[in-house]
Amino acid sequence: MSLVRLNIKGISYSQTQSGAYALVLNEVDGSRTLPIVIGAFEAQSIAIALEKEIKPPRPLTHDLFKTFADRFQIVIKQVIIHKLVDGVFYSSLICERDNIEEIIDTRTSDAIALATRFDAPIFTYENILDKAGIYLKIKDEFLPEKESIELEELIQEPTSKEDSSYSKDTLKQLNEKLNKAVLDEDYEMAAKIRDEINKRSSK
């Protein structure tokens, strides 16, 4: 299976789930976008790593891992998002020490937080992007190339909205809602609807 390289496009607030964010990845040589729902801590950690000039007063967990790895000459060569099961993405860290390569299982949000600190490339497989990728027209002013949310805002608790259940919707209704979420640029909702559609398609 061929690998597709991804870039971090930005982070957007969850409109339906308190404390959650949508991390938006896009393929380097294409127009597909991969939104992944992550927690507030991981979103903050990724945002701080992208904003090179801002340093937290004390090291975050991912900063500690980077310091530990540097001290023992461990390098993260790349991150691969290798599996998607029931809307959950699974990832691996490809690490190297003394010319010996090791593969470590990790949560995708942690993997990307570390990739930003090691300047490691992020990849996924073509079949995962085919299954979960969304064609989203992203406005530059909505999601700049790197950081899309002020760090002060990212630390604050976002306004929650009652979570919607899609279990009673038909596939036609789900696709209509997916199209609306795309037009509204609601990445987190689009990801949830996409996952529900994929779940039904796999049955």
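This is a predicted model: local features need pLDDT of at least 70, side-chain atom pairs count only at pLDDT 80 or more; totals for chains, interfaces and linings use all residues.
Numbering starts from 1 along each chain as its sequence is written, and side-chain values use heavy atoms, with hydrogens and water left out.

Strand β4 (residues 75–85) and β5 run antiparallel and are joined by 9 bridges. They sit in an open sheet of 8 strands with mixed pairing, ordered β6-β5-β4-β7-β1-β2-β3-β8. At the edges are β6 (100–107) and β8 (134–135), each pairing on one side only; two strands pair here if DSSP finds at least two bridges between them. The chain as a whole has 7 helices and 8 strands, taken as DSSP runs numbered from the N terminus (helices H or I, at least four residues; strands E, at least two).

Now for what packs on the sheet. Helix α3 (residues 108–118) touches β1, β2, β3, β4, β5, β6 and β7 (122–125), and its direction makes about 130 degrees with that of β6. Axes are lines fitted to C-alpha atoms, for helices over the stretch in contact, and angles run from 0 to 180 degrees between N-to-C directions; contact means heavy atoms within 4.5 Å. Thr116 lies in α3 and counts as buried at 8% relative accessibility (buried is under 20% relative accessible area, exposed over 50%, partly exposed in between, with a 1.4 Å probe and protein chains only). Leaving aside residues up to four places away in sequence, Thr116 touches Ile8, Ile46, Ala49, Leu50 and Lys52.

Among these, Ile46, Ala49 and Leu50 are buried residues of α1, along with Glu42, Ala43, Ser45, Ala47 and Ile48. Helix α1 (residues 40–50) is largely enclosed by the rest of the structure, because 8 of its 11 residues are buried.

Across the chain, 47% of the 203 residues count as buried. Of the contacts with a separation of 6 or more, 61% come from residues 24 or more positions apart. The chain exposes about 11500 Å², with carbon and sulfur atoms supplying 50% of it; areas follow the Shrake-Rupley method with a 1.4 Å probe, and for residues only the protein chains shown count as cover.

Back in β5 (residues 88–97), there's Tyr90, partly exposed with a relative accessible area of 31%.
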